[in-house]
Amino acid sequence: MDISHIKTEKLLPNPYQPRRRFESEDMLSLADSIKENGVLQPLLIRRINNSDYFEVIAGERRLRASILAGLEKVPCIEVDCGYEESAVFSILENIQRCDLSFFEEAAAIGQLIDHFGMTQSECAKRLGKSQSALSNKLRLLKLPVDVRYFIEKEGLTERHARALLKLESEKDIWAALNIIKEKRLNVEQTEKLIESLTDNTVKPKRNTVKIFRDVRIFINTVNRAIETMKASGINAETDKTETDDYIEFRVKIPKSEGLNTLKLKKA
C-alpha cells in the first residue's frame with residue numbers, strides 16, 4: 001500500500017477508539033522518540049465522505065505524540081472501508097495491543113457485541129481469547145461507572161474488581177473499597193474481606209416445611225386415617241380409583257354418625 005503524508009489537522013480521531021486515557025508521561029516519551037526518529041509506523045486512515053478529512057482507524061496515540069513533537073504531517077496508509085468496518089477494526093487493533101486498561105478492554109468488547117452485533121463466540125475467535133475469559137471481562141461492566149473510576153485511580157487490579165462483583169449492593173461495594181484503600185489490601189486479603197462481608201449479609205433461614213414428593217406417603221396417611229375411624233367404631237366405606245392422571249379415594253361415612261360424605265383426591 002502507498003504511504004501518504006497527511007496534515008495532522010486533517011486527521012480526526014475514531015469515535016470508537018477504546019482508549020480513554022493517554023498518560024502524559026508516556027505521550028511525552030513517545031513525542032521525544034518521534035522527534036529523534038520520526039513516525040516509524042504509518043497511521044491507518046479512511047477518507048470521510050469523499051472529503052479531504054480522514055478518520056484514524058489505528059494510530060491515534062502516534063498522532064497525538066506527533067502533534068506534541070511539532071510535526072505538521074504524518075505518514076498514513078489510506079484504507080477503503082466503511083464506517084462500521086473502521087470502528088470494528090479500531091477496537092480490535094487496540095485490544096490486541098494489550099496496553100488498554102482492563103475496563104477499557106471490557107468496554108471495547110461490549111461495543112463489539114452491543115453496537116456491531118457480534119456474538120461472544122465471534123469476539124473470542126477474533127481476539128484469540130477463550131469464551132470464559134471474554135465473559136469474565138464483560139462481567140466487569142456490571143460494576144458502577146464511579147466504582148470503575150475509583151478502582152483505576154487507586155491502581156487496583158482486575159482481580160480486585162472481580163472480587164467486588166460478589167457484593168450485591170453498591171453500598172457494600174463502597175464499604176469494601178474504603179477498607180481496601182485504607183489498609184492497602186492485596187488480592188488475597190480483598191477476597192477474604194469480601195467473603196466476610198457476604199457471610200455477614202446472609203439472611204437467617206426461615207422455618208421451612210418439608211415437601212414429600214412420594215405419593216405413597218400420602219396414600220398411607222389416608223389409609224391410616226380410615227383404619228383409625230374404623231377402630232373408633234365409625235363404619236366407613238372406602239373406594240380407591242387410579243387413573244393415569246390421579247388417584248382418587250372415596251370415603252363414605254354414615255350420617256347417623258354425625259359426619260357428611262367426604263371425598264379425598266390426590267393429584
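Axes here are lines fitted to C-alpha atoms, for helices over the stretch in contact, and angles between N-to-C directions run from 0 to 180 degrees. The model is predicted.

**Exercise 1.** Determine how helix α7 is oriented relative to helix α9, and describe their contact.

*Solution.*
1. Helix α7 spans residues 145-153 and helix α9 spans residues 170-183; their axes lie 11 Å apart at an angle of about 10 degrees.
2. Angles under 35 degrees count as roughly parallel, so α7 is roughly parallel to α9.
3. On the α7 side the contact uses D146, V147, F150 and I151, and on the α9 side E170, I173, W174, L177 and K181.
4. Sorted by class, this contact has six nonpolar, three charged and no polar residues.

**Exercise 2.** Determine how helix α5 is oriented relative to helix α6, and describe their contact.

*Solution.*
1. The axes of α5 (residues 120-127) and α6 (residues 131-139) come within 9 Å and cross at roughly 110 degrees.
2. The range 65 to 115 degrees counts as roughly perpendicular, so α5 is roughly perpendicular to α6.
3. From α5, residues Q120, S121, C123, A124 and L127 meet Q131, L134, S135 and L138 of α6.
4. The classes are five nonpolar, four polar and no charged residues.

**Exercise 3.** Is H160 buried or exposed, and what does H160 touch?

*Solution.*
1. H160 sits in helix α8, residues 158-164.
2. Buried means under 20% relative accessible area; H160 has 5% relative accessibility and therefore counts as buried.
3. Leaving aside residues up to four places away in sequence, H160 touches I180, L185, N186, V187 and T190.
4. With T190, the side chain of H160 forms a side-chain polar contact of 3.5 Å.

Key:
Residues are numbered from 1 along each chain as its sequence is written. This is a predicted model: local features need pLDDT of at least 70, side-chain atom pairs count only at pLDDT 80 or more; totals for chains, interfaces and linings use all residues. Side-chain values use heavy atoms; hydrogens and water are left out. Helices (H or I, at least four residues) and strands (E, at least two) are DSSP runs, numbered from the N terminus. Angles under 35 degrees count as roughly parallel, over 145 as roughly antiparallel, 65 to 115 as roughly perpendicular and the rest as oblique. Contact means heavy atoms within 4.5 Å. Ala, Val, Leu, Ile, Met, Phe, Trp, Tyr, Cys and Pro count as nonpolar, Asp, Glu, Lys and Arg as charged, and the others, Gly among them, as polar. Buried means under 20% relative accessible area, exposed over 50%, partly exposed in between (1.4 Å probe, protein chains only). A polar contact is a pair of N or O atoms within 3.5 Å; within protein, one must be able to donate a hydrogen and the other to accept it, and residues adjacent in sequence count only if both atoms are side-chain atoms.
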